[in-house]
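I opened this notebook to keep track of what I looked up.

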Amino acid sequence: MKLPLEYFFVLVFPMVLALPLPHLISSIALAAALLNVIVIAGAKGAWKTISFDGFNQNFLVVFGALVIIIDTFTNSLRSFSFEPVFREVRVSFIIVPLVFWIVKDKMHILRSQLLCSMVLGVLLYILYAYGYLTYFYTNIITNRKFEFNHFLIYDLRENLPGAYHHTYIGMYMTFSIVILLYESLQIKKGYLYSIVFFILLNQVGFGSKLTLLLSLAFIGFYSMRYLKKEVGIVFNMFVLIVLVLLVVGFFINESGMVNSLSFSSSNRIESWQCALQGIYSKPFLGYGHEMSVVYMENCITSNAVSTHNQYLEELINYGFFGIWLPVFLMLLFLRSKDDILFKAFLIMIITIGFFENLMSLQRGVLFFVFFSVVFSFRSSNRTRIKQ
């Protein structure tokens, strides 16, 4: 696989995003990627060919601006004074698509390398966690043995330097599995399936239950393509799937993941009830970001103060205007056309959005915006070539 090294910082960004590093490092990596695009575009004279004609081609840029406008507009109506609002985590909605538009026709060249960078970052995260756990149980905690259970994810968050929420590393793991299965990466099938299996097993201990289920669903869908092929291939694939399910099922049982369902569901049900009550009380303009946090803190009795649902989060913040997100995702899905990896990416984002606030935290926003740009601009390029 040839690496266009002039876009080095762009290629490195997905890997950095997956690594257990502070948010500031991810922001710096993104800034370096954007600067990389600007410098290379200037050196090659790409500025002279930039065109922003047509809503369809400017889709991500327009919606990025819309996010900022809605935030400012609803806040102004609530306070009866115009006050621009720039939520740092949301600024990338407009900056990333705007800058990458300069090299939109190069996305098809960078796509495979960017996806490989993401997979590499996930693998490095897993290996880093292994190394730290070995150190932790041999040097820090020497009076008890290592215990494999689903609450290991919470131990990692507390003790592993740089560790982040299990939903996000689980999402990155699911995405990596989808990349390996659905993208042509020029990897031999044996090695490819081994990497998928390795990531899937580690997802039991490091990721969330929902992302693990999504991974299994994508693997199941992938295996369906073999149903129309020769009996021998179908039989081998069936045996492979059964073995994977048995091994993963064993690890799930040993981890006690099923027993943690009540722990996860009770927090979410209470959060959803509070969010729905808040939306009902202020359906037109919402509470705004800061006041919605105060409202949820006063309403929720557990220590998990969050709506645990991105769609409810937008509605409680913006009221009726919060429908921008499902509309945006629906239009993106329509644009995905025959790109199965883009569709899988959106299905994953849409599904996880029902249970977590992906668009409210940096790791979710940067992940979504960056790969939406990679997929959308390449899809547009494909369409022009076909025409």
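What follows is my set of entries on a disulfide, an aromatic pair, a helix and a pocket.

**Ground rules.** I am working with a predicted model, where local features need pLDDT of at least 70 and side-chain atom pairs count only at pLDDT 80 or more, while totals for chains, interfaces and linings use all residues. Residues are numbered from 1 along each chain as its sequence is written, and side-chain values use heavy atoms, with hydrogens and water left out.

**Disulfide.** I searched for pairs of cysteine sulfur atoms within 2.5 Å, which is the rule for a disulfide. The count is one disulfide. It joins Cys274 to Cys299, with 2.0 Å from S to S. Cys274 sits in helix H11 (residues 261-281) and Cys299 in helix H12 (residues 289-299), so the pair ties together parts 25 residues apart in sequence. I took helices as DSSP runs of H or I with at least four residues, numbered from the N terminus. The S-S torsion of Cys274 and Cys299 is about -85 degrees, so this disulfide is left-handed.

I then looked up accessibility, where buried means under 20% relative accessible area, exposed over 50%, and partly exposed in between (1.4 Å probe, protein chains only). Cys274 is buried at 5%, and Cys299 is partly exposed at 22%. I also checked Cys116, which is partly exposed at 23%.

**Aromatic pair.** Rings of Phe, Tyr and Trp (its six-membered ring) pair if their centres lie within 6.5 Å; planes under 30 degrees apart are stacked, over 60 edge-to-face, and the rest tilted. I found 34 aromatic pairs in the whole structure. In one of them, Tyr125 and Tyr164 have ring centres 5.1 Å apart and planes at 55 degrees, so the pair is tilted. Tyr125 belongs to helix H5 (residues 107-140), and Tyr164 to the loop between helix H6 (152-159) and helix H7 (166-182). Tyr125 is buried at 3%, and Tyr164 is buried at 7%.

**Helix H3.** I noted that H3 (residues 59-79) has 21 residues and spans 30 Å from first C-alpha to last, close to the expected 30 Å. The expected span is 1.5 Å times one less than the number of residues. Its buried residues include Phe59, Phe63, Val67 and Ile70.

**Second largest pocket.** A pocket is an open set of points on a 1 Å grid, fitting a 1.4 Å probe, with protein on both sides within 12 Å along at least five of seven lines; lining residues have an atom within 4 Å of a point. I recorded a volume of about 270 Å³ for the second largest pocket. Among its lining residues are Ser27, Leu30, Val89 and Leu366. H4 gives the largest share of this lining, five residues.

How values were computed: Grid points are joined across faces, edges and corners, and a volume is the space filled by probe spheres set on the points. Helices (H or I, at least four residues) and strands (E, at least two) are DSSP runs, numbered from the N terminus.
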